[in-house]
Amino acid sequence: MVDNYKSILKGIIATILILSPSVIQAASNDTSTINYSVAAINELNLDGGPYDLTVDTATAGQEPELVTYEGTYDITTNCGTNAKKITAQLNSDMPDDTFLWFDMAPPTGAASVWMDPITSASQNIITGIDATAQANISFIIDLEAWATAGVIESASKTLTVTLTDS
Amino acid sequence: MFMNKKIAVLASLLLLFTGTAFAAGNDTTTINYSVAAINEVNIDDDMETFRISTATAGVQPNAEVAAGSYDITTNGASNTKKLTAALNGAMPAGTALTMAVTAPTGGTSAGAVTLTALPQDVVTAIDGVAEADIAISYSFSATVAAGVIEETEKTIMVTLTES
């Protein structure tokens, strides 16, 4: 009877010894979970500033010559196709007979909008913007002042440019 | 008195014989031993979370990076093992998940590897080694073309295998 128990015990031990190496080898890999996401990103930057414009020349018999500031802007957005636009507005209207014109070259895939002078009301400047990441895209600001505007001492306006949903 | 001395002498002789009998006993036993192939790798970080949410206007969104570590024990011969890494599926277009695994002593790191669904070598020429907390560096990047992506899960499988 005792011998039988010994035989059974030996059998169990032998089985464990045989199984052990294969159990060790089975653990030769491991996994890790990666959770990832990308948020909506909409970044717009006008390079430089403030921009100084002074109307100071004219040809006799004609309205004063407009002056132009040439600058650049940068844009990054991961929106869908044609999903964004850029609008512009001033913090208040320009004085009578003075005009600010703002023209931005569009990023690839988008379109510029021919516009009236910018005012305190928001206006579309560029539409149909796709996902893009471009730097140093050109823009111009023109200041026009008719003779009837008179002399204007140093003044300033705040131009707000917004990248928003179409 | 005389009897007592005889008893004492006999007792001493018995003790001596008994000791001699034990000392003369010997036996042998056989020790069978073996060491199985051992290959253990463990990524210490069960989960990493990346969320891209910032960019500088004019350039692609900022990549997210994370640091992790792993442990390894193998009794493989010199240069006989390597670590591979694979995802359970390909990343979406415009996104990339890279993994740079520092090699254990004697091994060679492949540097930053862009992970795909196919296993790629991240460390090669691994010798017998037992080291813990070896550095892993992860990076997740996305171009604007990838668009907005809600939280998604991928599984990285790291395998210690034959070179």
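Predicted model: local features only at pLDDT ≥ 70, side-chain atom pairs only at ≥ 80, totals over all residues.

User: What is the phi of A:Asn136 near?

Analyst: Near 60°. That is a positive value, and A:Asn136 is not a glycine. Most residues other than glycine have a negative phi.

User: Is A:Asn136 buried or exposed?

Analyst: Exposed. A:Asn136 has 10, so it counts as exposed.

User: OK, chain B now. Which strand holds B:Ala125?

Analyst: Strand 8 of chain B, residues 120-126. B:Ala125 has a positive phi too, about 55°, and is not a glycine. B:Ala125 is partly exposed, because 16 other C-beta atoms lie within 10 Å.

User: And where does B:Pro119 lie?

Analyst: In the loop between strand 7 (112-114) and strand 8 of chain B. B:Pro119 has 17 C-beta neighbours inside 10 Å, so it is partly exposed.

User: Which residues does B:Pro119 touch, leaving out those up to four places away in sequence?

Analyst: B:Thr84, B:Ala85, B:Ala86 and B:Thr159.

User: How far apart in space are B:Pro119 and B:Ala145?

Analyst: 26 Å, C-alpha to C-alpha. In sequence they are 26 residues apart.

User: Back to chain A. What kind of peptide bond joins A:Gly49 and A:Pro50?

Analyst: A cis one, with omega about 0°. Most peptide bonds are trans. A:Pro50 lies in the loop between strand 2 (42-46) and strand 3 (67-77) of chain A.

Notes:
Residues numbered from 1 in each chain as written. Chains lettered and ligands numbered in written order. Helix = DSSP H or I, 4+ residues; strand = E, 2+ residues; numbered from the N terminus. Buried ≥ 20, exposed ≤ 12 C-beta atoms within 10 Å, placed from the backbone. Contact = placed C-beta atoms within 7 Å.
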